[in-house]
Amino acid sequence: MSSRRRAVLAVTALAAWVAGSALGSIGAVGPASAQAGLVIGKAHAGYAPSLTGDQPIVLLVVGSGARLGDDIEHSLADSLHVVSINPAKHKATIIGIPRDSWVEIPDHGTGKINASLVEGGPDLLVQTVESISGLKIDYYALTTFWGLAQLYDNLGGLTMDVPFSMHDSYSGADFEPGVQTLDGKQVLAFSRDRHSVGSGDFGRSENGGRVLIASLTEFRKEFQADPSSLFTWIASGMRNVQTTVPFDEVIQLAYTCSHINPKGVTNIVLPGTTGFEGTLSVVHLLSDKDAIFADVKPDGIVSKKHVPPSPTQNQT
Amino acid sequence: MLPADAPLHGFLTWVRLLHTRSARTICGVLSDGRHVSRSSRVKPAYLIVGGVGVVVAVVLGLVLLGGADGIPIIGGSPEPPTPEFAFEVSKVTPVSTSLESKHQELETRAREAANQVDDRMNALYSGAFLVPGNWLNGSYDDVWELFDEGASAEARSQVETLTAGTGAGDAFEQILPERGVLKAKVLFDLKDEPFSVVAVARLKKVGTGKDAQDVRMTSRGQFIFQKVDGDWRVVSFKVLRDNEVQSTTPSAAPSASESSS
């Protein structure tokens, strides 16, 4: 073989080797049976945002006693609850204020706290609650009898664990104890009954807190099963509750509530004694209220030592 | 800026260098150390070596830079094209928060918002399951951009459930979509502006395994969108994934496991 032919063969062989090696990599994509990282079976993923921070968000939840045709913002307040939420700890405190509480109303002298809504609308009511509590009320939410009933009818009712027997012809409450689904009218009756509930207005206020906790329980359950239920709750709420909470913050609050375990919510009623101011039947709040509000103020959470006895603790 | 023929010029220079060096070295060996006149003895070898060098360079170029269809093929098989996919929007429900809303107007606006979110969902699911460049590499960065900041961080940590997975490239030859159905609920604010959209999606995909096992991946999810800086982005999600091996070769089947997410 001539050196020229040998050169050609050698170079061709080299070229073939290089090309062959390179072409050999085409389609070589690793082990044919590789299954690394593939999960077989069921798996869940989920996320809902939440407000953060230790600064509590404080809402005043008001049930106006207005009748159809009345000005709901200038009627007697039928129920009053301060709801303080700690977003970071996902805990909350509900503080019921007896509607007949005899208090100082800013620039209006002394009177029943529910009269401040008549006198100056929600703004004056907020000022009054701020002055007796020392809390900064961030927002209020105001609803009516018919708004409350409509709200729960829109939601398909409310599952309540009725704590004791309730039979009251005035409010229409007619319940045996136990877990049951109440329609809107029944939720209203449960919230308003003060004749078959221990301690009258104190027990009634506690029941208002029970409705809020039952609502939280129901909302969480529905949201976890079907996140789109969030829209139903928000729409029902916005249509039946008047509030100063901006719309986007309503959504943020709703997401935050989805993280709050109802067991982390403490429901209390300010302790007091019943009496008279002139001819008016009133509640004189005990000084314990100051310790309760001082305790709640920094983080929205009431300590066990400041939780007063339940007004209905001995009721069956 | 380089002239338009700069790459060609560089290539020719490289061929010339290879050509010259190869000729000198190889011909030097083949000449058994005898002194030869380059002008008369080496010239034909130059031509041969040069020709072969060009062939090698072209083959290497094809292999390293891309095949005839322009698909890079270094280190693996040609990347398959992204399969066509779009959700079929089966239902749009407006949810009003105002007592004075006009239902007819809301329906029209809800449809518009749902279509915008549908585009995002198509991008999300394509990116998560169908774009080969993503699942082959186990990297889904373009998917996370569809999420709001907080949701994005959470979504990344749940990548195995929300996407074909980081190991899909080792497991599949291809992933093809079956029918995808989407329902949308549109929440309006008090001024009847679309504020949030929940997209309820169901999509089945079949991954053709490299070991001839097909895996049917079913993803049922709810993605809640809100406008962030003018774009609809996912702010909340809830997804159920179910991967089932379709073939019946038990010995080769991957062991069943449950995601920790």
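**Figure 1. Helix 2 and helix 8 of chain A lie across strands of chain A.** In this predicted model, helix 2 (residues 115-133) of chain A lies across strand 2 (57-64), strand 3 (77-86) and strand 7 (139-143) of chain A, and runs at about 155 degrees to strand 2 of chain A. Helix 8 (residues 288-296) of chain A lies across strand 3, strand 4 and strand 13 of chain A, with an angle of about 155 degrees to strand 4 of chain A. Helices (H or I, at least four residues) and strands (E, at least two) are DSSP runs, numbered from the N terminus, and contact means heavy atoms within 4.5 Å. Axes are lines fitted to C-alpha atoms, for helices over the stretch in contact, and angles run from 0 to 180 degrees between N-to-C directions. Residues are numbered from 1 along each chain as its sequence is written, while chains are lettered from A and ligands numbered from 1 in the order in which they are written. Because the model is predicted, local features need pLDDT of at least 70 and side-chain atom pairs count only at pLDDT 80 or more, whereas totals for chains, interfaces and linings use all residues; side-chain values use heavy atoms, with hydrogens and water left out.

**Figure 2. Strand 4 of chain A pairs with strand 3 and with strand 13 of chain A.** The open sheet of 6 strands in chain A has the order 12-7-2-3-4-13, with mixed pairing, and its edge strands, strand 12 (242-243) and strand 13 (265-269), each pair on one side only. Two strands pair if DSSP finds at least two bridges between them. Strand 4 (residues 91-96) of chain A is joined to strand 13 of chain A by 5 bridges, and these two run parallel; Ala92(A) stands opposite Val265(A), and Thr93(A) stands opposite Thr266(A). With strand 3 of chain A, strand 4 of chain A pairs in the antiparallel sense over 6 bridges, and here Ile94(A) has Val83(A) opposite. Strand 3 and strand 4 of chain A form a hairpin with 4 residues between them, and His90(A) in the turn has a positive phi of about 55 degrees. Of the 6 residues of strand 4 of chain A, 5 are buried, where buried means under 20% relative accessible area, exposed over 50% and partly exposed in between (1.4 Å probe, protein chains only).

**Figure 3. Ring pairs link aromatic residues of chain A and chain B into a cluster.** Rings of Phe, Tyr and Trp (its six-membered ring) pair if their centres lie within 6.5 Å, with planes under 30 degrees apart counted as stacked, over 60 as edge-to-face and the rest as tilted; by this rule there are 15 aromatic pairs over all chains. Phe147(B) and Phe237(B) form an edge-to-face pair, 5.7 Å centre to centre, with 85 degrees between the planes. Phe147(B) lies in the loop between helix 5 (141-144) and helix 6 (149-157) of chain B and Phe237(B) in strand 5 (residues 231-245) of chain B, so the pair ties together parts that are 90 residues apart in sequence. Phe147(B) counts as buried at 5% relative accessibility, and Phe237(B) is buried with a relative accessible area of 2%. The members of the cluster include Tyr47(A), Phe85(B), Tyr125(B), Phe129(B) and Trp144(B). Over the ring of Phe129(B) sits the charged end of Lys205(B), 3.6 Å from the ring centre; a charge sits over a ring if NZ of Lys or CZ of Arg is within 6 Å of the ring centre and within 35 degrees of the ring normal.

**Figure 4. Met166(A) is a buried residue in strand 9 of chain A.** Strand 9 of chain A covers residues 166-168, and Met166(A) has a relative accessible area of 0%. Leaving aside residues up to four places away in sequence, Met166(A) touches several residues, among them Phe175(A), Phe190(A), Val197(A) and Asn207(A).
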